[in-house]
Amino acid sequence: MRVFSQRAVLTLSLLISILAWQAASADELTGILMVEIAGLKDETGNLYISVYDSDSAWRSEETVIGKRISIADALDGELVRTELQLPLGDYALAVFFDVDDNGELDSNFMGKPQEPVAWSNNAVWNFGPPSYEEAVFTLSAEPIILRISMRTL
Ligand SMILES: [Ca+2]
């Protein structure tokens, strides 16, 4: 029978504790974002949520998360609720209700959305979409609830 040296056993147990510690700290770095969206209780169809983590990515295709949500499935009372898990950091959200169910946010020739939209912080359209700075918020270890209202422009 082969006997492992005490040193090898110690090295192995040290390695296991390092791996366990790394797994635990990775968990701690994930935050929970509860999104509650008002203004859709009488609607059916899909809502699209895009999450961005930088000014340069804002409103581009470079989303951290792009999520399609069935309003019927996510409706809880008067609010559409969904939970997102993200690494801790700064984010901004853009939401639209796809009224005609074509998978896109329809806009007029001026680029103004023709379907209900919303941004985090309830940032508003002001001769153009809100900036990343206006919509940004910080996700830290404590779960946060983001309440936003859909608007037709
Ligand atoms: Ca559409």
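What radius of gyration does the protein chain have, and what would a compact globule of 153 residues have? The protein chain has 21 Å, whereas such a globule would have a radius of gyration near 15 Å. The radius is taken over C-alpha atoms, and the globule rule is 2.2 Å times the number of residues to the power 0.38.

This is a predicted model, in which local features need pLDDT of at least 70, side-chain atom pairs count only at pLDDT 80 or more, and totals for chains, interfaces and linings use all residues. Residues are numbered from 1 along each chain as its sequence is written.

Begin with the whole protein chain. Its C-alpha atoms fill a box of roughly 80 × 35 × 25 Å along the principal axes. Of its 153 residues, 22% count as buried (20 or more other C-beta atoms within 10 Å of the residue's own, with C-beta atoms placed from the backbone).

Next, colour the chain by secondary structure.

Now select the open sheet of four strands, which has the order β4-β5-β1-β9 and mixed pairing. Its edge strands, β4 (75–76) and β9 (144–149), each pair on one side only; two strands pair if DSSP finds at least two bridges between them.

Finally, select β4 together with β5 (residues 79–87). The two pair in the antiparallel sense over two bridges. Display Leu75, whose bridge partner in β5 is Val80.

Key
A residue is buried if 20 or more other C-beta atoms lie within 10 Å of its own, exposed if 12 or fewer, and partly exposed in between; C-beta atoms are placed from the backbone.
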